[in-house]
Amino acid sequence: MVGATTLLPCDVAARLARLIAALRRPAAPGDAGGRGDGTPPVVLDALLVTRLPNIRYLTGFTGSAALLLVRADGSTTFVSDGRYAGQAAEQLGAAGVDAAIEIRTAADEQLDVIAAALVGDACLGLEEHGLTWAQARQYSARFDPVECVPAGSMVEDLRRVKDAGEVDRIRAACAIADDAFAELLPRLAEGVTERAFALELEFAMRRRGASAVSFDPIIASGPNAAKPHARPGDRVIEPGELVVCDFGCIVDGYCSDMTRTVSVGEPAPDARRLYDLVLTAQAAGRAAVRSGADVVAVDGACRDIITAAGYGDAFSHGTGHGVGIEIHEAPRVARTASGTLRVGDIVTVEPGVYLPGVGGVRIEDTVLVTADGYEPLTMTPKTLVV
Ligand code: ZN
Ligand code: ZN
């Protein structure tokens, strides 16, 4: 049983200081303040944080509605509604976050608070992946003459590299998933449906201290395994068929993610060959992970092996993604991504091959990137026959 009290602390207040330092740094082309269209970057006087995972990261606040204004001069304003007056004070206080907490229930009054705090500022960054078009227009009009500009993904970039407390939470979530899966594997041989197995897996993870699943478990058997994101149905899992099990849970706000493909008893020789191919590709992908590795090269380490075996078109997704407060976050590990891995990134390596009408295989680990390689966080053995 994992409880928040046994986990290493997270230094939440230090994150706000890092964001303020980033606001003060002159932006490089393509960085925050750049508009991604070749226009020169601008100096931001403040950033309005609107994405809840980012607000949680910066303040410890776990409620469902808030705005956070972070100014380059270091002053920070947190706005939420009447439901969260007590919770906001408790959580920001516990995290040691130095912010003015303003509770306003009407949305226009909340914007009045932000507008008042912007006095003297020329340029406000907005989280371009966290607003609707309508909100961006509303903010631009409401905060005039302050100019609102798209500010990229400043907080998501900070969130990439995990601190010791974050690693501890993701490690704990991975351990719960490992443990729950080990307990439930024998159920697969008892004629269980995909849905029932998914439900029991969720229950087993929550019983061990997870607050929730990190996404709806994917339990895909036989031909259903050909769909990478199949939803568990009423199909009974039969001996000798491949079952893709992709699942994870949340511990104190942090996600885990793992896929194993198993068969009750020996599968057909073709299925065994497909499994061994993906297993080899996944090992090659993991071996390519280290600080400084190009994310396209890590993807290629998996993909080249699958392509050489003639299944390139059947590997229909990227190799991996970051895992943290969100189940899918930066960095992406894919042909279509760019950049390099850093020490402290937590990413998945999850090649798969999917053959419509036949079945599929995916094998996924979550790993912590280190200077010269990686540390695995998901530990379930990759045993095909159970
Ligand atoms: Zn997964
Ligand atoms: Zn994944």
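**Reading rings and a zinc site**

Author: Phe-61, Phe-78 and Tyr-84 form one aromatic cluster. Keep in mind as we go that this is a predicted model.

Reader: How many aromatic pairs are there, and what is the geometry of Tyr-139 and Phe-143?

Author: In general, a pair of aromatic rings is described by the distance of the centres and the angle of the planes. Here the count comes to five aromatic pairs. For Tyr-139 and Phe-143, the ring centres are 5.6 Å apart and the planes meet at 35 degrees, so this pair is tilted. Both residues belong to helix α5, four residues apart, or about one turn of the helix. Tyr-139 and Phe-143 are both buried.

Phe-181 and Phe-197 make an edge-to-face pair, with 6.4 Å between centres and 75 degrees between planes. This pair links distant parts of the chain, with Phe-181 in helix α7 and Phe-197 in helix α8. Both Phe-181 and Phe-197 are buried.

Reader: Which residues coordinate the zinc ion (ligand 2), and why is the arrangement irregular?

Author: Ideal angles at a metal are 109.5 degrees for four tetrahedral donors. The zinc ion (ligand 2) is held by Asp-257 (OD), His-321 (NE2), Glu-350 (OE) and Glu-364 (OE), at 2.1 to 2.2 Å. The angles between these four donor atoms run from 78 to 151 degrees, which makes the arrangement irregular; a tetrahedral label would need all angles between 85 and 135 degrees.

Reader: What does Asp-257 coordinate, and is Asp-257 buried or exposed?

Author: Asp-257 coordinates both the zinc ion (ligand 2) and the zinc ion (ligand 1), which are 3.1 Å apart. Asp-257 lies in the loop between β11 and β12 and His-321 in strand β13, so the two tie together parts that are 64 residues apart in sequence. Asp-257 is buried, at 2% relative accessible area, and His-321 is buried too, at 8%.

Definitions and conventions. Residues are numbered from 1 along each chain as its sequence is written. Chains are lettered from A and ligands numbered from 1 in the order in which they are written. This is a predicted model: local features need pLDDT of at least 70, side-chain atom pairs count only at pLDDT 80 or more; totals for chains, interfaces and linings use all residues. Side-chain values use heavy atoms; hydrogens and water are left out. Rings of Phe, Tyr and Trp (its six-membered ring) pair if their centres lie within 6.5 Å; planes under 30 degrees apart count as stacked, over 60 as edge-to-face and the rest as tilted. Buried means under 20% relative accessible area, exposed over 50%, partly exposed in between (1.4 Å probe, protein chains only). Donors are N, O and S atoms within 2.8 Å of the metal (3.2 Å for Na, K and Ca); water is not among the atoms, so sites may look incomplete. Four donors count as tetrahedral if all angles lie between 85 and 135 degrees; four count as square planar and six as octahedral if opposite donors are over 155 degrees apart and all others between 65 and 115; anything else is irregular.
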